[in-house]
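Reader: Hi! Could you walk me through this one?
Author: Happy to, have a look first.
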Amino acid sequence: MRNTARWAAALGLTAAAVCGPLTGAAVAAPGAAPSSLYAPSALVLTTGHGSDAATATPERAVTLSCAPTPSGTHLAAAQACAELNGAGGDLNALKPAGDVWCTKLYDPVVVTVQGVWQGKRVSYERTFGNACVRDSVGGGVFNF
């Protein structure tokens with residue numbers, strides 16, 4: 001009988017640990033006010049030489065957060081956030097600058113972006129012919 005009491009006590013404590021967070025504040029969550037006025041926007045950008053992200057070794061990685069103010073380890077966070085806002089967060093909509101001339105030397109560079117933009121999951125990968133072409137696209141977004 002003692003073994004049954006131990007099992008019952010252990011089961012009761014486990015149930016309390018698992019179900020406890022489901023009471024109180026979590027029950028009130030649907031009617032609670034949002035913790036922020038801004039949808040989350042936090043990205044991790046990486047770059048490396050190679051033809052795709054699976055085979056390229058990341059050479060540099062930065063963070064970029066755009067709400068409520070631009071921040072992160074990106075060298076030009078304010079400019080990158082402005083460009084992303086102008087493109088509606090669509091990384092495919094970023095176009096190369098018209099006044100930049102790059103060589104046609106093929107030395108592939110891959111860029112990846114992972115994270116959240118205005119509450120929506122982002123997963124992006126793009127290979128550029130060389131670093132000059134990468135830096136010309138979007139002005140400051142990929143130039144880190």
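**Strands and a threonine**

Author: Strands β1 (residues 42-49) and β3 (residues 109-117) run antiparallel and are joined by eight bridges. A strand here is a DSSP run of E with at least two residues, a helix one of H or I with at least four, and both are numbered from the N terminus. This is a predicted model, where local features need pLDDT of at least 70, side-chain atom pairs count only at pLDDT 80 or more, and totals for chains, interfaces and linings use all residues. Residues are numbered from 1 along each chain as its sequence is written, and side-chain values use heavy atoms, leaving out hydrogens and water.

Reader: New topic: is Thr-47 buried or exposed?
Author: Thr-47, found in strand β1, is buried because its relative accessible area is 7%. Buried means under 20%, exposed over 50% and partly exposed in between, using a 1.4 Å probe and protein chains only.

Reader: Which side chain has a polar contact with the side chain of Thr-47?
Author: The side chain of Arg-134, at 2.8 Å. A polar contact is a pair of N or O atoms within 3.5 Å; within protein, one must be able to donate a hydrogen and the other to accept it, and residues adjacent in sequence count only if both atoms are side-chain atoms.

Conventions
Two strands pair if DSSP finds at least two bridges between them.
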